[in-house]
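Dear colleague,

Please find below the structure that I am handing over to you. My findings follow it.

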2 protein chains.
Amino acid sequence: MITKKEETRELEWRVTVPHKPSAQEEHNFEQRFALWHQLIDLLSLNMRSSSRFMKNAWKLGVDDPRKFIHCIKVGLALTLVSIFYYTRPLYQGVGGTAMWAIMTIVVIFEFTVGGTIYKGLNRVMATFIAGMIAVGIHWLASKSSETSEHIIIGVSAFLLSSVATFVRFIPIVKARFDYGILIFILTFNLVAVSGYRVDRLLELAQQRLTTVFIGISICLLVCILVRPVWAGEELHLLTIKNMRKLADSIEESVAEYFRDGEKGDGNETSMQNSRGYKCVLNSKATEESLANLARWEPMHGRFSYLHPWSQYLRVGTAMRYCAYCIETLNVCINSENENQQKAPEHLKKHLSNACLRLGLESSNVLKELASSIESMKRSSSIEVLIGQMNDAVEEVQNILSTPSLEGAESKEAIPTIPLMEAMTVITVASLLNEITLRIDGVADAVEDLAVTAFQSFEDAQQTDKNKPSNELAVGPDGQEGNLPQV
Amino acid sequence: MITKKEETRELEWRVTVPHKPSAQEEHNFEQRFALWHQLIDLLSLNMRSSSRFMKNAWKLGVDDPRKFIHCIKVGLALTLVSIFYYTRPLYQGVGGTAMWAIMTIVVIFEFTVGGTIYKGLNRVMATFIAGMIAVGIHWLASKSSETSEHIIIGVSAFLLSSVATFVRFIPIVKARFDYGILIFILTFNLVAVSGYRVDRLLELAQQRLTTVFIGISICLLVCILVRPVWAGEELHLLTIKNMRKLADSIEESVAEYFRDGEKGDGNETSMQNSRGYKCVLNSKATEESLANLARWEPMHGRFSYLHPWSQYLRVGTAMRYCAYCIETLNVCINSENENQQKAPEHLKKHLSNACLRLGLESSNVLKELASSIESMKRSSSIEVLIGQMNDAVEEVQNILSTPSLEGAESKEAIPTIPLMEAMTVITVASLLNEITLRIDGVADAVEDLAVTAFQSFEDAQQTDKNKPSNELAVGPDGQEGNLPQV
């Protein structure tokens, strides 16, 4: 069939090509030339856009070299399994069991160790359970007549698949066993619908389990031994990074508003810092998936098995609430900058110092909390810092509470300020106030995290070090350590 | 092996059971009885918690019966493919090709049509492309000596797997072709590592493609014909629902704050309404995944193929910004309720009417926008409603701009109000002001959506109906239709 087609095409060429060019053909030639130009244009456009695409893709890897390493790890695992099966005498090609090992590696290998373990365990357990149930039903069905055998198998496949599909909708099951249930449905149907006898099935099941097991072992070995990426550690670092971003945002936003004279001088980095909160606004999905995967990870680095990862989610939620408020603060500030209606200068100047201090103190609390999470030690100075923050809140409130503001020109000016003009300043102060309340919430969440997670880590560390010096023993509870000079 | 074990167990029983009970044994018996009790307690606890779990799971389905239907659809598709293969004479059991059809259905069948099409197309294309490349490399390798054959295949498998894994990290590729690339890696490795000759490979590939194709066809038929769930429609409805929730939240929050006398009377539903915005805060992930899947869907209902789904994401973002501000507003209101420091009653009362009106007008704009999306017609009254909202903003600003407020007791009181006391009222007014700006943003996004999506829909509708009455022709552009009496 193919050879015939090729022949006709060749014949066409032989007929049309070796002619003397006529006017019509020259026109055609020009047209083709124009088309050719268009094609080149299109290609060069594609080249340019695809080179930009490649550049962006490359940047993705340069920014986080672990992505490059992950790719090499996947290639390595696949090569290992190939070598394993090539060197075995029982190698049977695609139809044989090697297929399941390759499939397992491709499907299971995830970026984080937690992800790989989650999928691996789910796959093994689901394959095992579904296989057992399917063999059981097969055995039951084989005792009856051929018609009822088909009915029993058909009905049970329908029912189990439907029920298992429904279970996948339940949020807590979806978070932890979604992949397992998928594999359950798959394995059950494959085994139930197969026409094999029970003893042949058992043999197949044993083969398949062995191969899946080999695939998972290679996956886990490569995943854990070669530069592992732990979901738990990622979550830990993400929380710290986000908290620092929030701290910078608060400080910079307040400074941006009150450092009025130097506007425009605000350099790029300070602008960038004041927008850092935006990362926190939509962090929920990432945090939840990391926490879900972290649950599967064994002890690693400073994290024990069953480290309270859900507490990180609580910290994340508290930070998000903080970020919502900072977002509003930021937009209030920007909308005033764009509006004609400015706050009265003297009022702003008067509040300036107190508000700048409040911004700084709030930011300090968040930074101290971040450091406390980073070092996995309860901060000894956090109480003092929160106290200072509350002092700053009171200072702002005091200034706003005095009926007439002190200051050279304000004595007579204040009573006649229309509230409208003072609106932004007051809103900024009020939002700062609100932000401090939410920072208290973050501090509470971190305290809970510290009680459940850091205490045992500190204990373990102290037992390990067997008190090399007295300072360490005083550290977390005493009044020394990283207490600032107050 | 197994039978031997069973035998020993049985023997043990025969030895220990038929004794006369001694004191020791009675003690044991009691202990066992206590254990038994504990076991029963544990079981009943488990029963209770699992019955609660079952109840919650059932509620999940009752709240959205499409979930039940989805489960039945999955069962149906699996049954269909089983029947198809049972009735075929070439049925070969699990080892044969039927396996790929079952596997395809289990893995591809998603809740939404878009999800199923996305996975189906990705699977077919990836299987085809990877198969072609793998056969090509095989053919190339088979021309050389056996050692270099293994090296060529091994190196190409390693390289292609690594590169493909890296490509999965690129966000835009991840959103649209993640599953396809997974299948590409899988198929390529299966074919490349297999020991088959090229002609046998082509035969296998053809078989596999046919089976995958059968699986996908059954999936799509069941998915589209039996009560389909369209991702696009879901996104459309979600946007409308979220916008209505925002509208209710604004209205109820403002009313809650200024309707001070009736506090405590605020019934459950109004509390629930004022918290509706919380759904919008974290809607980003859902919206993005729906928009990604909707891209794959063919024309359905009122939505054409290539409906501008990304515009819905813009509307969603605008709504989220609105929600952040409402969140801050809500918490400001609640924190005042908890605080001792109340706003001066007369100031609050004075602002009350204007602010309540502003809340109502803002809410009306959002509701009108939601109706406009729902009916897929550009609203003729939206300009007027936005005008009214802006009037309300000006009214609030005017009240705040007058140096002394009008009113019976306020003439002398205002100049001595400490700013601190007025803080919450002013913040609420300021936030309402900010919310209206963000509603403008939502209106802009909806307008963009209307220009790209609704215009063509309206045109099509008008052509279809061939002007059955004059009213319809006037509808979207004229001053009639759903214009409120102003």
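The notes below go from the chain as a whole to single residues.

This is a predicted model, in which local features need pLDDT of at least 70 and side-chain atom pairs count only at pLDDT 80 or more, while totals for chains, interfaces and linings use all residues. Residues are numbered from 1 along each chain as its sequence is written, chains are lettered from A and ligands numbered from 1 in the order in which they are written, and side-chain values use heavy atoms, with hydrogens and water left out.

Chain A has 18 helices and zero strands (DSSP runs numbered from the N terminus: H or I of at least four residues for helices, E of at least two for strands). Of its 486 residues, 46% are buried; buried means under 20% relative accessible area, exposed over 50%, and partly exposed in between, with a 1.4 Å probe and protein chains only. Among contacts in chain A with a separation of 6 or more, 81% join residues 24 or more positions apart, a contact being heavy atoms within 4.5 Å.

For chain A, the unreviewed UniProt entry places the feature "transmembrane region" at residues 98-118, 124-141, 153-173, 179-198 and 210-230; such annotations may be inferred rather than shown by experiment, and the positions are given in the numbering used here. In the model, residues 98-118 of chain A are 81% helix and 0% strand, with end C-alpha atoms 22 Å apart. For residues 210-230 of chain A the figures are 76% helix, 0% strand and 27 Å.

Helix H5 of chain A, residues 113-142, gives the most to the patch, with five residues. A:Phe128 lies in this helix and is partly exposed, at 42% relative accessible area.

A:Glu287, in helix H12 of chain A, counts as buried because its relative accessibility is 1%. Beyond four places in sequence, A:Glu287 touches residues including A:Asn242 and A:Arg320.

With kind regards
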